[in-house]
Amino acid sequence: EAQLVESGGGLVQAGGSLRLSCVASGFLFADYAIGWFRQAPGKEREGVSCISSVDGSTNYINSVKGRFAISRDNAKNTVYLQMNSLKPEDTAVYYCAATLWGHCFRAHEYKYWGQGTQVTVSS
């Protein structure tokens with residue numbers, strides 16, 4: 001029943017921008033914190049950003065600070081990740097996930113996951 005569906009990935013040149021979307025259904029979206037994670041080929045999954053259900057506070061992994069921005073629209077059950085000044089090292093499959101209680105960057109504490117969307121940044 002619960003679903004998260006990512007979209008907005010694609011192929012861009014270094015320095016370009018993408019806006020990822022994550023549309024949720026089947027659970028009470030406004031009660032959940034939402035995180036974005038990514039996994040590059042041959043590397044472990046890492047947390048990128050998260051946004052709280054309590055006060056809308058946000059957090060970012062150091063490597064994307066100043067370049068990425070997370071936001072949410074509870075009326076649309078949607079979370080966004082605006083990605084600017086993209087670098088080749090941002091290339092990965094990006095996943096959104098939902099948690100009631102988990103730590104921002106602890107993937108195993110998230111209950112619901114999307115299928116992922118591919119982001120490729122050419123050099």
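Colleague: What share of the contacts in the protein chain with a separation of 6 or more comes from residues 24 or more positions apart?

Modeller: First, a caution: this is a predicted model. Contact means heavy atoms within 4.5 Å. In the protein chain, residues 24 or more positions apart make up 58% of the contacts with a separation of 6 or more.

Colleague: How many helices and strands does the protein chain have?

Modeller: Read the strands in order from the N terminus. Here there are zero helices and 11 strands. The pattern along the sequence is β-β-β-β-β-β-β-β-β-β-β. The radius of gyration is 13 Å, close to the 14 Å that the globule rule gives for 123 residues, so the protein chain is as compact as a globular protein of that length.

Colleague: What does the C-alpha trace span along its principal axes?

Modeller: About 40 × 25 × 25 Å.

Colleague: How far apart are the mean positions of the positive and negative charges?

Modeller: Take the mean position of each set, then the distance between the two. The protein chain has 11 positive and 10 negative charges, and their mean positions are 4 Å apart.

Colleague: Now single residues. Is T99 buried or exposed?

Modeller: Compare its accessibility with the cut-off. T99 has 1% relative accessibility, and buried means under 20%, so T99 counts as buried. T99 lies in strand 9, residues 92-99.

Colleague: Which backbone atoms does the side chain of T99 reach?

Modeller: Look for pairs of N or O atoms within 3.5 Å. The T99 side chain reaches the backbone nitrogen of G102 at 2.8 Å. A polar atom of that side chain also lies 2.9 Å from the backbone oxygen of E109.

Colleague: Which residues is T99 in contact with, leaving aside neighbours within four places in sequence?

Modeller: T99 is in contact with Y32, A33, E109, Y110 and K111.

Colleague: Where is V5, and which residues is V5 in contact with?

Modeller: V5 sits in strand 1, residues 3-7. V5 is partly exposed, at 40% relative accessible area. Beyond neighbours within four places, V5 is in contact with S21, C22, V23 and Q115. Take S21: it is 16 residues from V5 along the chain, and their C-alpha atoms are separated by 8.0 Å.

Colleague: Is G15 buried or exposed?

Modeller: Exposed means over 50%. G15 is at 53% relative accessibility, so G15 counts as exposed. G15 is in the loop between strand 2 (10-13) and strand 3 (18-25). Not counting residues up to four places away, G15 touches S85 and L86. G15 and S123 are 108 residues apart along the chain, yet their C-alpha atoms are separated by 9.2 Å.

Colleague: Where do N77 and S85 lie?

Modeller: N77 is in the loop between strand 7 (68-73) and strand 8 (78-83). S85 is in the loop between strand 8 and strand 9. N77 is partly exposed at 25% relative accessibility. S85 is partly exposed too, with a relative accessible area of 40%.

How values were computed
Residues numbered from 1 in each chain as written. Predicted model: local features only at pLDDT ≥ 70, side-chain atom pairs only at ≥ 80, totals over all residues. Heavy atoms only, no water. Helix = DSSP H or I, 4+ residues; strand = E, 2+ residues; numbered from the N terminus. Rg over C-alpha atoms; globule rule 2.2 N^0.38 Å. Lys, Arg positive; Asp, Glu negative; His and termini not counted. Charge placed at Lys NZ, Arg CZ, Asp CG, Glu CD. Buried < 20%, exposed > 50% of the residue type's maximum accessible area, 1.4 Å probe, protein only. Polar contact = N/O pair within 3.5 Å; in protein donor to acceptor, adjacent residues only side chain to side chain.
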